[in-house]
Amino acid sequence: MIKCPDCSHENDDGAIICEACGYLLIDPTVSTKQYDNTDYQKGVPRWGSASFKGRTNLLLNVVDSHHSFVYNYDEIETITIGRNDPKKKNPKFLDLTVVGGLEAGVSREHAFIKRQGGKLFIEDNGSANGTFLNGQMLAPNEPRVMRDGDEVRLGYLTVRVTFAPIE
């Protein structure tokens with residue numbers, strides 16, 4: 001059993017996050033495992049809209065899991081995607097540790113989603129295992145527009161992008 005240093009809950013051996021309070025039980029400075037072949041997928045063009053009409057949420061659905069992350073488009077400036085360090089406080093951080101980010105090769109600050117000119121862009125931050133938009137590897141620090149229905153892969157972890165109207 002692993003005792004949580006934050007709330008003292010007893011977690012199963014091998015747990016990464018405390019099931020009671022969500023505290024990160026592993027050392028957040030653990031280096032990202034670099035894989036030899038994350039560029040295994042052929043690019044697939046997508047034709048969803050890149051524009052927002054009315055009040056809209058950005059939904060990021062982690063493929064092969066029941067986890068979704070929701071952001072109000074109007075409140076997005078920059079979202080950092082990666083594995084969170086509990087010592088850093090960043091309210092606009094998408095922590096993929098809870099969905100196997102470490103095992104999938106997600107870097108601590110893997111990529112950014114940025115709002116600019118009425119659109120959302122994805123940008124790789126020089127990650128260890130690359131960021132892919134619909135199967136195409138992104139060059140580091142080169143933003144690419146995101147569209148409704150796109151798939152973003154960070155290492156081996158895939159997130160489906162959905163623009164959903166707020167009702």
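This is a predicted model: local features need pLDDT of at least 70, side-chain atom pairs count only at pLDDT 80 or more; totals for chains, interfaces and linings use all residues.

Biologist: How many helices and strands does the protein chain have, and in what pattern do they follow one another?

Modeller: Helices (H or I, at least four residues) and strands (E, at least two) are DSSP runs, numbered from the N terminus. Here the protein chain has 1 helix and 13 strands, and the pattern along the sequence is β-β-β-β-β-β-α-β-β-β-β-β-β-β.

Biologist: Which strands form the open sheet of mixed pairing?

Modeller: Two strands pair if DSSP finds at least two bridges between them. The open sheet with mixed pairing has 5 strands, in the order β6-β5-β7-β8-β11. Because β6 (93-95) and β11 (144-145) each have a single partner strand, one side of each is left without a neighbour in the sheet. Within this order, β5 and β7 run antiparallel and are joined by 5 bridges.

Biologist: What is the strand order of the open sheet of 6 strands?

Modeller: That sheet has the order β4-β3-β13-β12-β9-β10, and its pairing is antiparallel. Its edge strands are β4 and β10 (136-137), each pairing on one side only. Between β9 and β12 there are 3 bridges in the antiparallel sense, with L133 facing V152 of β12 as a bridge partner. β12 is also joined to β13 by 4 bridges, again antiparallel; V152 has V159 as its bridge partner in β13, and L154 has L157. β12 and β13 form a hairpin with 2 residues between them, and G155 in the turn has a positive phi of about 65°.

Biologist: How should I read the two faces of a strand such as β12?

Modeller: In a regular strand the side chains alternate between the two faces of the sheet. A residue is buried under 20% relative accessible area, exposed over 50%, and partly exposed in between (1.4 Å probe, protein chains only). In β12, E151 and R153 on one side and V152 and L154 on the other are all buried, so both faces are covered. For the protein chain, 41% of the 167 residues count as buried.

Biologist: Which residues have the most contacts inside the largest nonpolar core?

Modeller: In soluble globular proteins, nonpolar side chains tend to be buried together. A nonpolar core is a set of buried Ala, Val, Leu, Ile, Met, Phe, Trp, Tyr and Cys residues joined through side-chain atoms within 4.5 Å. The largest one here has 27 residues, and L58, L60, L96, I113 and I122 have the most contacts inside it. Elements giving two or more residues to this core include β3 (56-62), β5 (78-82), β8 (119-124) and β13 (157-165). The largest share, 4 residues, comes from β13. Contact means heavy atoms within 4.5 Å; leaving aside neighbours within four places in sequence, L96 is in contact with residues including V62, F69, I81 and L157.

Biologist: Is T131 buried or exposed, and which side chains make polar contacts with its side chain?

Modeller: A polar contact is a pair of N or O atoms within 3.5 Å; within protein, one must be able to donate a hydrogen and the other to accept it, and residues adjacent in sequence count only if both atoms are side-chain atoms. T131 lies in strand β9 (residues 131-133) and counts as buried, at 0% relative accessibility. Its side chain makes polar contacts with the side chains of H110 (3.3 Å) and D124 (2.6 Å). Among the residues that T131 touches is A111, which is in strand β7 (residues 109-116) and is buried at 0% relative accessibility. The C-alpha atoms of A111 and G82 are separated by 6.9 Å, although these residues are 29 apart along the chain.

Biologist: How many disulfides does the structure hold?

Modeller: A disulfide is a covalent bond between the sulfur atoms of two cysteines. With the cut-off that the sulfur atoms lie within 2.5 Å, the structure holds 0 disulfides. C4 is buried, with a relative accessible area of 2%, whereas C7 is partly exposed at 33% relative accessibility.

Notes
Residues are numbered from 1 along each chain as its sequence is written. Side-chain values use heavy atoms; hydrogens and water are left out.
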